[in-house]
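Trainee: I am new to this structure. Could you walk me through the terms as we meet them?

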Amino acid sequence: MSSALEYWPSPPPWGWTADDLDRLPAEGPNGEPDFFEHVELIDGALVFMSPRKRFHQRLVRLLTEALDDQAPEGLVAVDQMDVRLGHRMRPCPDVSVVDARAAADDERTFYTPAEVRLVVEVVSPESEDRDRKTKPFRYAEAGIPHFWRVESKDGRPVVYVHELDPATGAYGLTGIHHGRLTVPAPFPIDIDLDA
């Protein structure tokens, strides 16, 4: 098979695949530094993520640290790690809670849905449709049990907590949290969102 980058900037004839992400160079096709550093694969399309705002970065750090501190033995919170949902679907959630054994492998570039307990997406203006519609549908379809969507309302975080309904295979909203996030699943969690 030819290198996918031979066809740049068009996708290769077979389309982009999850495996192609591991073969992308650090620099872009014209030598641009870190060109492929913030890219994910959504339904076979490469999606380049725009620079993050301070709100986004602050929330990712807060949630990763809080979830990691509160996670029971055997689970670890990580940020900015891909989840391979299929041959043409490899999103990069802002925060994930994964099996500690999988997280201990420093050579990993992605996790599988079976290794993930929770995914968190902090919504940015450019990612609204993906974070509100496409990604939740795909995470649910892959069987990831918990999904949180974080939005900014007047500069304050609001967390929409969803849990997978095994009867329908879709997420159901279990709560909308302002100021403080306290939930019993996927494990007991208490986070001061105003911190």
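Predicted model: local features only at pLDDT ≥ 70, side-chain atom pairs only at ≥ 80, totals over all residues.

Trainee: What makes a space a cavity?

Mentor: On a 1 Å grid over the protein atoms alone, a cavity is a set of points where a 1.4 Å probe fits but cannot get out. A pocket is an open set with protein on both sides within 12 Å along at least five of seven lines. The structure holds 1 cavity of 30 Å³ or more. The space in the largest cavity is about 130 Å³. Here volume means the space filled by probe spheres set on the grid points, which are joined across faces, edges and corners.

Trainee: Which residues line the largest cavity?

Mentor: Lining residues have an atom within 4 Å of a point. The largest cavity has 16 of them, with M49, R52, H56, E126 and S127 nearest its centre. Strand β7 (116-122) and helix α4 (128-141) each supply at least two. Helix α4 gives the most, with 3 residues. Helices (H or I, at least four residues) and strands (E, at least two) are DSSP runs, numbered from the N terminus.

Trainee: How is that lining divided by class?

Mentor: It has 4 nonpolar, 4 polar and 8 charged residues. Asp, Glu, Lys and Arg count as charged; Ala, Val, Leu, Ile, Met, Phe, Trp, Tyr, Cys and Pro as nonpolar; the others, Gly among them, as polar.

Trainee: What is in the largest pocket, and which residues line it?

Mentor: About 350 Å³ of space lies in the largest pocket. Of its 15 lining residues, E37, Q80, D82, R90 and T109 are the closest to its centre. The classes are 7 nonpolar, 3 polar and 5 charged.

Trainee: Why is the pair D82 and R90 called a salt bridge?

Mentor: The term needs a side-chain nitrogen of Lys or Arg within 4 Å of a carboxyl oxygen of Asp or Glu. The side chains of D82 and R90 meet at 2.8 Å, N to O. That is within the limit, so the pair qualifies. The whole structure has 18 salt bridges.

Trainee: Are D82 and R90 buried or exposed?

Mentor: Buried means under 20% relative accessible area, exposed over 50%, partly exposed in between (1.4 Å probe, protein chains only). D82 has 9%, so D82 is buried. R90 has 2%, so R90 is buried too.

Trainee: Where are R117 and D99 in the chain?

Mentor: R117 is in strand β7 and D99 is in strand β5 (residues 95-99). They are 18 residues apart, and the pair links distant parts of the chain. Their salt bridge has its closest N and O atoms 2.7 Å apart. R117 is at 27%, so R117 counts as partly exposed.

Trainee: How far apart in the helix are R138 and E141?

Mentor: They are 3 residues apart in helix α4, which means about one helical turn. E141 is at 52%, so E141 counts as exposed. R138 is at 23%, so R138 is partly exposed.

Trainee: Which residues form a network of salt bridges?

Mentor: E40, E121, D131 and K135 are linked in one.

Trainee: What makes the contact between D190 and T182 polar?

Mentor: A polar contact is a pair of N or O atoms within 3.5 Å; within protein, one must be able to donate a hydrogen and the other to accept it, and residues adjacent in sequence count only if both atoms are side-chain atoms. The side chains of D190 and T182 make theirs at 3.0 Å. D190 is in strand β12 (residues 189-192). At 36%, D190 is partly exposed.

Trainee: What is worth noting about the backbone at Q80 and P186?

Mentor: Most residues other than glycine have a negative phi, and most peptide bonds are trans. Phi of Q80 is near 55 degrees, a positive value. Q80 lies in the loop between β3 (75-79) and β4 (82-83). The peptide bond from A185 to P186 is cis, with omega near 15 degrees. P186 is in the loop between β11 (180-183) and β12.

Terms used:
Residues numbered from 1 in each chain as written. Heavy atoms only, no water.
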